[in-house]
Amino acid sequence: MKGLKLTAGLSLRMKFVLPISVILVMGMLIISTYLIDRQSDGFRRELEHGGETMITMLAINAESGVLFESRWELDNLLAVLDEFGEVEFCRIANLDGVVLSEFGENNVDSLQLERLNGHSDSLVSGYFNTGAGQEVFILRAPITTEKKVLSREKLGMSAGVDSSVATSTYYERIGKIELGMSVETVNKDISNAGLAAILLAALVAIITILVVILTVRAITRPVTELVDATDQIRRGDFSAKVDTDQQDEIGHLARTFNQMMDSLKQSRDEIEQYNRTLEEKIIERTQQLEDAQAQLLQSEKMSAIGQLAAGVAHELNNPLGGILGYAQFTLEKLRKNNPEKPNPKDIKSYIRYVTDIEVQARRCKTIVQNLLRFSRSSRTIEFEQVDVNKAIEETISFVEHQLRISQVELEVSLTQDLPIIFGNTGQLQQVFTNLIINGMHASEQGSTISIVSRYSPALGEFGGAVELMFADSGHGIAEENLGKIFEPFFTTKEIGKGTGLGLSVSYGIIKEHGGEISVKSQVGKGTTFTIVLPVQKTAPTADVLGETKQAQ
C-alpha cells in the first residue's frame, strides 16, 4: 500500500519505467552474483585440480630420490617449479620428518597446518592465511614405493605359473610432500571476472532500460497527447487533435477521441447558436408561462366565484328586496299625498324610508365591490397594506350563506390589533375562500369550522409574523396523501367536485407573499391548515411568476 501511495504522484511513463527498471536491476544483480559465485568456484576448483595433479606427479617422481635420500635428484625435481608462478613452496621430507629438499618458503603458521595431520595415507588440502595476510592453498600427499612379497606357501608354485599367483604387491609410505600454491592470482582472476560480469550486467541493464524507456515513450506518447488535449478542452479549446498511426488499442482510443472532439465541437457550435436565440426563447416562454399562470389563477378564482354565486345572490336579494319595498311604499305615499302640502309625519317616514334605502344600497355596493375586488384579474399583482382580519371578515361575507345551507357552523376568533402586512387582498381572500370551502366540503352537517388569527412577536432575526389557522372537524386526509395535497391536479374529492388546483394555487400565493402554509390532519378527526405571513417593514411587489422584489 505504501508503494502504491509513493507512485501515485508519478507520471504514467514513470509508473511503467520505474518498476520495470527496478525488477531488471534486481534480476541482473542476482544473476551477476550467481555467475560470480560460479566463476569463483570454477577458478578455485581449477586451482585445486591443478595442485592435485602437480603434487601427485611430484610424489611419483620423488620416489627414488626419497628412497635413496638423493638430495641432488630431489632438488632437480623441484627446480622445475620455477616455471609455475603460482607455486609458493614445496617441501619433501622422509618418514622421520627430515626435509630432504625444499623450494620456496612456507609462511603459514604451523598451528594451522595441524588440520592436515592425521591424514598421512591420503591426499589432503586446505586454504590457509600467511602472516602477511595472503591466502595459500596447501596440499599434502604421501610418497610411496611398490613392494612385492613372495609367500612360502606359494614358493613352489611360482615356476610355470602366472606371476600374480606367486607374488602379492603393496605400497609402502616412505615420505611426504607438501605443496603450497598462491591464491592471489586466482582471487585476481575472480575479481576481474566479477568486475566484468558487473560491467556486462550494468551495460545490459542500461541498454534494456533505454529500450524500455523508448518503448514506453512510444506507447504513452498518444496518452500524453490525450492528456494535453483534455487540458485544452478544459480551457475551452476544442481544436486539439491526437496524431497517431498506431493500430493497437491506444491508436483506436486516439481515433475515437478525435471523433469525440469533432462531435463536441459540433455540439458546442450548435449550443452557441442556440444560446444566441435562447434569450428570445426564454422571454417568449416566460410570457407564455405568465399567461398560463394568470389564466390558472383567474380560472381558479372564477371557480370559487361560481361556488359563491348563490350566497352572493342571496346576500344581494335581501337588501334589494328592502330597497324595492321602501321605494314602492314611498312612491305610493307620494302619489296619494299632496306634495305641495307635505305632512310632517309623512316627511319623517320618507326620510326613514330613504335612509333605509341608502343603507341597503350601500350594503349591496359593498358586497359587489368585494366580489369585484376578489375577481379582479391583473397582469401585475400590486402589493399593498393589508388588514388580515378585515380580509377574513370580507371573505366570510361571501361564504356564510353556503355555510348556512350546508348547516356548518363558523367560529371566528381574531386577535385584535394585528400588525399590518404587505400583500394582495384579492389573492389572500382567494386562499381563505378555498380553505373554508374545502373545510365545508369535508365536514358533516352540524360540524364546525374555526378560524383563528394571532401574532407571533419578533425574536432575534425573526421579525414577527401573523399566523392564521383554518380547522375543520371533517373526515381528514390520509397520511400517505399529506405530501401530495399541494401538487397540481391532486384531489381527494369525487370526480366533478374538484379540479385539484385550489391548494396548489393557494400554496403559490402564500409563497409569493414570503409566507409558509402547512397542514396537519388525522383521518376521522379533521384537518388544520396553518398560514404564516411575515410582517415586513417595506412593501414588496410580486409578479405573476412569483418573484418578490422589495419596493423602493
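Predicted model: local features only at pLDDT ≥ 70, side-chain atom pairs only at ≥ 80, totals over all residues.
**Helix H10 and the cores of this model**

At the start of helix H10, a side-chain oxygen of Asp-387 comes to within 3.2 Å of the backbone nitrogen of Asn-389.

H10 covers residues 388-405. Its 18 residues, at 1.5 Å a residue, should span 26 Å, and the end C-alpha atoms are 26 Å apart, so the two values agree. The helix does have a kink of about 45°, centred on Val-399. Just after H10, Gln-407 has a positive phi of about 55°.

Which residues of H10 are buried? Among them are Val-388, Asn-389, Ile-392, Phe-398, Val-399 and Leu-403.

Ile-392 takes us to the largest nonpolar core, which has 36 residues. Ile-392 is one of those with the most contacts inside this core, along with Phe-432, Leu-468, Phe-470, Phe-529 and Ile-531. At least two residues of the core come from each of H10, helices H11 (425-442) and H12 (502-512), and strands E10 (448-456), E11 (465-472), E12 (516-522) and E13 (526-534).

Take Leu-468 as an example. Leaving aside neighbours within four places in sequence, Leu-468 is in contact with residues including Val-388, Ile-392, Phe-432, Val-452, Phe-529 and Ile-531. There is also a second, separate core of 27 residues, which includes Phe-103, Phe-137, Ile-143 and Ile-177.

Last, helix H4, residues 71-79. Its buried residues are Leu-74, Leu-77 and Leu-78. They lie on the same side of H4, because they cover an arc of only 90° around the axis. An α-helix has 3.6 residues a turn, so residues three or four places apart point the same way.

Technical notes:
Residues numbered from 1 in each chain as written. Heavy atoms only, no water. Helix = DSSP H or I, 4+ residues; strand = E, 2+ residues; numbered from the N terminus. Expected span 1.5 Å × (residues − 1). Bend = angle between axes of the 7 residues up to and from the residue. Buried < 20%, exposed > 50% of the residue type's maximum accessible area, 1.4 Å probe, protein only. Polar contact = N/O pair within 3.5 Å; in protein donor to acceptor, adjacent residues only side chain to side chain. Core = buried A, V, L, I, M, F, W, Y, C linked by side-chain atoms within 4.5 Å. Contact = heavy atoms within 4.5 Å. Arc of directions from axis to C-beta.
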